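Subject: Handing over the structure

Hello,

Here is the structure I promised you, with the sequence alongside. Have a look first, and then read on for what I found.

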Amino acid sequence: MSDLYQRHRAVIPDWIALFYEHPIELTHGEGRHVWDAEGNRYLDFFGGILTTMTAHALPEVTKAVGEQAGRLIHSSTLYLNRPMVELAERIAALSGIPDARVFFTTSGTEANDTALLLATAYRGSNQILAMRNSYHGRSFSAVSVTGNRSWSTTSLSPLQTLYVHGGVRTRGPYAQLTDDRFIEACVADLEDLLGHTRDPAALIAEPIQGVGGFTSPPDGLYAAFREVLKRHGVLWISDEVQTGWGRTGDHFWGWQAHADSGPPDMLTFAKGIGNGMSVGGVVARAEIMNCLDANSISTFGGSPVTMAAGLANLSYLLEHDLQGNARRVGGLLIERLRAIGATVPAVREVRGRGLMIGVELARPETDAPHPEAAAAVLEAAREGGLLIGKGGGHNTTILRIAPPLSLTVAEAEEGAAILEQALHEI
Ligand code: PMP
């Protein structure tokens with residue numbers, strides 16, 4: 001055990017997850033690569049857990065942060081804050097939500113917390129619908145709408161949460177259904193649930209479950225849910241913390257794959273937009289956002305330095321069409337990984353959209369989850385110079401691939417070759 005790891009263990013909570021038997025100490029990054037304290041270089045296929053949206057040490061972002069830090073580091077509130085207003089204007093316009101207001105937070109957890117506060121206040125109900133296997137953050141209320149048991153750290157709750165089917169379709173009773181039948185079955189289940197309860201405040205859902213293992217419902221599921229929710233006055237909160245900003249390639253937001261009935265009532269974002277700086281937030285229609293009847297602020301959410309990072313990062317993303325890059329390079333990578341997966345019996349499914357790709361592993365004899373294989377592939381990939389993630393239900397058995405959105409074709413090829421080697425070793 002390294003000296004730093006021993007010190008970490010002695011002072012940091014046990015429930016902070018670290019990858020690898022011998023955890024890595026990262027020291028610096030550039031582009032799609034990071035280096036550890038021993039001088040090893042890694043191709044980063046997990047994008048700093050999706051925080052590095054564009055690239056590591058992107059000069060445009062570093063410069064903007066440095067300039068703003070040299071001028072003024074301050075709270076986001078009480079005084080007019082130009083970078084915050086500018087970023088809010090851009091996000092409001094991109095969100096697709098009419099008459100949008102934006103509230104900035106410091107994390108995805110705080111963004112979801114705020115969305116839940118707004119929904120419960122607006123609707124006068126503390127009942128929430130959430131998806132099975134979901135992850136929405138680590139605060140008391142975010143945990144209590146988190147269906148993924150390995151991340152749901154308490155059974156106590158300020159909310160009454162009802163869990164809905166639809167987030168995962170590769171296992172369980174609905175696994176064999178076609179897309180249309182799957183949607184019909186999930187909608188019938190939702191109707192049935194609403195027939196047995198007072199009307200909840202909102203449904204909160206990730207368009208593609210992130211921590212849950214990059215599981216993708218069929219396009220249109222949330223549009224179909226939306227029809228039912230509307231009839232009951234229930235709001236739809238789309239948690240775009242992992243799916244936002246073009247990562248899924250075809251769409252700028254995950255909800256757009258379900259767009260038939262229009263945008264959600266609220267969307268939450270975080271992770272990538274600050275390229276590693278803490279930027280999160282909620283976008284909601286003014287009528288919902290302004291329903292609170294007392295003052296409320298976030299001292300650091302929207303601070304000028306993080307907003308400068310967000311503005312520079314968003315400009316780079318749009319000017320370089322990184323959504324298009326995610327579609328093109330991600331499409332090639334998925335194809336390549338599918339071809340590799342077909343030669344490895346423990347690969348159950350390769351799925352994904354854009355640069356959000358999951359490789360589900362299972363025991364070939366029984367189809368049971370195979371967490372040991374996932375851990376072994378992570379270690380072997382690291383040996384080969386590639387960082388990937390893992391996730392899924394109780395047993396983290398799904399490899400997660402989410403590189404910075406500027407990934408090149410050559411880097412995609414290189415990473416796939418390392419992963420191929422690692423998969424063949426198990
Ligand atoms: N929502 C989703 C979908 C997430 O993936 C995460 C983080 N993994 C969060 C919310 C919480 O974000 P944060 O860690 O910034 O609080």
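Two residues are in contact here if their C-beta atoms, placed from the backbone, lie within 7 Å. Please also keep in mind that this is a predicted model.

His136 sits in the loop that runs between β5 (127-131) and α6 (140-143). Leaving aside residues up to four places away in sequence, His136 touches Asn112, Ala142, Val145, Thr146, Ile204 and Asp239. Is His136 buried or exposed? A residue counts as buried if 20 or more other C-beta atoms lie within 10 Å of its own; His136 has 34, so it is buried. The C-alpha atoms of His136 and Glu206 are separated by 8.2 Å, although the two residues are 70 apart along the chain.

Between the C-alpha atoms of Ser157 and His232, which are 75 residues apart along the chain, the separation is 24 Å.

Next, the ligand. There are 15 residues around the ligand, and those that come nearest are Ser107, Gly108, Thr109, Gly137 and Val241. Which element gives the largest share of this shell? That is helix α5 (residues 108-123), with three residues. Sorted by class, the shell holds nine polar, four nonpolar and two charged residues.

Now for a sheet. Four strands make up an open sheet in the order β11-β12-β15-β14, with antiparallel pairing. The edges are taken by β11 (347-353) and β14 (389-391); each has a single partner strand, so one side of each is left without a neighbour in the sheet. On average, and ignoring direction, neighbouring strands of this sheet are turned by 25° against each other. Helix α12 (residues 371-384) packs on the sheet, where it touches β12 (356-361), β14 and β15, and its direction makes about 35° with that of β15.

One of the facing pairs is Arg351 with its bridge partner Gly358 in β12. The hairpin of β11 and β12 has two residues between the strands, and Gly354 there takes a positive phi near 55°. Although β11 is an edge strand, six of its seven residues are buried, so β11 is largely enclosed by the rest of the structure.

Last, helix α10 (residues 304-319). How does its span agree with what its length should give? At 1.5 Å a residue, the 16 residues of α10 should span 22 Å, and its end C-alpha atoms are 22 Å apart, which agrees. This helix is mostly covered, with 12 of its 16 residues buried. Among the buried ones are Val305, Met307, Leu311, Asn313 and Tyr316. The cover over the buried residues of α10 includes α3 (59-71), α4 (82-95) and α11 (322-341). Just after α10, Asp321 takes a positive phi of about 45°.

I hope this helps you find your way around.

Best wishes

Definitions and conventions
Residues numbered from 1 in each chain as written. Predicted model: local features only at pLDDT ≥ 70, side-chain atom pairs only at ≥ 80, totals over all residues. Near = placed C-beta within 6 Å. Nonpolar A, V, L, I, M, F, W, Y, C, P; charged D, E, K, R; others polar. Pairing = 2+ DSSP bridges. Axes fitted to C-alpha atoms, helices over the stretch in contact; angles between N-to-C directions. Expected span 1.5 Å × (residues − 1).
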